[in-house]
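I opened a new page for this structure. These are my entries, in the order in which I looked things up.

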Amino acid sequence: MAAMQTDAGHSPSPVTAPLRHVLALIDYDGTVTTEECIAVTLQHFAGDAWLPLEEAVRRGEIGHAACLRQQIGMLKAPRREILATMVAAAAPRPGFARFVAALTAGGARVAVVSAGLRAAIAAVWRRDALPAVDVYASELLGDARSGYDIAYNPHFGDCPRCGPGGCKAGVLHRLRRPGDTVIAFGDGVSDFCLAREADSVFARDSLAVLCAAAGIDYHDLSTYDAALAAVLKLACASPP
Ligand SMILES: [Zn+2]
């Protein structure tokens, strides 16, 4: 489900493409954006009803994918209003556009890997004229009358932690090529399987806590300018 593809398939030279072995996999909600857009949308349309499910995930009673499915099922508004609310809540973090432009100019492959809605992400990309990336995200199924469900991207994998078809590591398995340095960027529980399998991790919030508890080294994802400097350093340190 690769949208907004930018890779022309050529083989850039090491001089002009120092990041040609970098595969950057970036979560969307709260990682690309300053706000948790799904949370803002749920709060707007469902009040506090979505919050107990978040607690159930924290207690390990349900997986994050099943949680989101149930939360999306709480929405009763027209699709257009749901998407408009998600898009209005989304502001890319400072430096994000510059960061992606520099990665792709350096030959890196960049993909957004999200449980969020593809249509909302695409609308934000168009609105803010963000640099082209591949997007692996979800589709909103149903309507206000019959109820909504969510279809995860078909390249998400199965895992005991995330549940069937809910694991972002499936995208990593699909995109990783021999010799790649895979770098994961995320902030949440749903990014943990990506982080476990990546070569380097940039994390904040819940993902940082999970990585620390699991003994996974990570960089603080404080700003995208700092992340870019760290990625360039990493690429120099890992020769092809
Ligand atoms: Zn998983």
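The entries below go from the whole chain to single residues.

**Entry 1: the model.** I noted first that this is a predicted model.

**Entry 2: the chain as a whole.** I counted 10 helices and nine strands in the protein chain. Along its principal axes, the C-alpha trace spans about 55 × 40 × 30 Å. I then checked the radius of gyration, which is 17 Å for the protein chain; a compact globule of 240 residues would have a value near 18 Å, so the two agree.

Entry 3: What share of the 240 residues is buried? I found 42%. I also looked at contacts in the protein chain with a separation of 6 or more, and 60% of these join residues 24 or more positions apart.

**Entry 4: the core.** I looked up the largest nonpolar core and found 72 residues in it. Ala24, Leu25, Val112 and Ala195 are the residues with the most contacts inside this core. Strand E2, residues 109-117, supplies the largest share of the core, with six residues.

**Entry 5: alanine 195.** I listed the contacts of alanine 195, leaving aside its neighbours within four places in sequence. Its partners are Ala184, Gly186, Val201, Ala203, Leu207, Cys211, Ile216 and Tyr218.

**Entry 6: valine 110.** I went back to strand E2, where valine 110 is found. Is valine 110 buried or exposed? I counted 23 C-beta neighbours inside 10 Å of valine 110, and the cut-off for buried is 20 or more, so valine 110 counts as buried. Neighbours within four places in sequence aside, valine 110 is in contact with Ala24, Ile26, Val100, Leu103, Thr104 and Val133. Ala24 is also on my list from the core, among the residues with the most contacts there. I took one distance as well: the C-alpha atoms of valine 110 and alanine 230 are separated by 16 Å, and the two residues are 120 residues apart along the chain.

**Entry 7: a helix pair.** How do helix H5 and helix H10 pack? H5 covers residues 96-105 and H10 covers residues 224-237. I read an angle of about 20° between them, with their axes 8 Å apart. Angles under 35 degrees count as roughly parallel, so H5 and H10 are roughly parallel to each other. The crossing of H5 past H10 is right-handed. On the H5 side, the contact is made by Phe96, Arg98, Phe99, Ala102 and Leu103. On the H10 side I noted Tyr224, Ala227, Leu228 and Val231.

Key
Residues are numbered from 1 along each chain as its sequence is written. This is a predicted model: local features need pLDDT of at least 70, side-chain atom pairs count only at pLDDT 80 or more; totals for chains, interfaces and linings use all residues. A nonpolar core is a set of buried Ala, Val, Leu, Ile, Met, Phe, Trp, Tyr and Cys residues joined through C-beta atoms within 7 Å. A residue is buried if 20 or more other C-beta atoms lie within 10 Å of its own, exposed if 12 or fewer, and partly exposed in between; C-beta atoms are placed from the backbone. Helices (H or I, at least four residues) and strands (E, at least two) are DSSP runs, numbered from the N terminus. Two residues are in contact if their C-beta atoms, placed from the backbone, lie within 7 Å. The radius of gyration is taken over C-alpha atoms; the globule rule is 2.2 Å times the number of residues to the power 0.38. Axes are lines fitted to C-alpha atoms, for helices over the stretch in contact, and angles run from 0 to 180 degrees between N-to-C directions. Angles under 35 degrees count as roughly parallel, over 145 as roughly antiparallel, 65 to 115 as roughly perpendicular and the rest as oblique. A crossing is left-handed if the near helix is turned anticlockwise from the far one by less than a right angle, and right-handed if clockwise.
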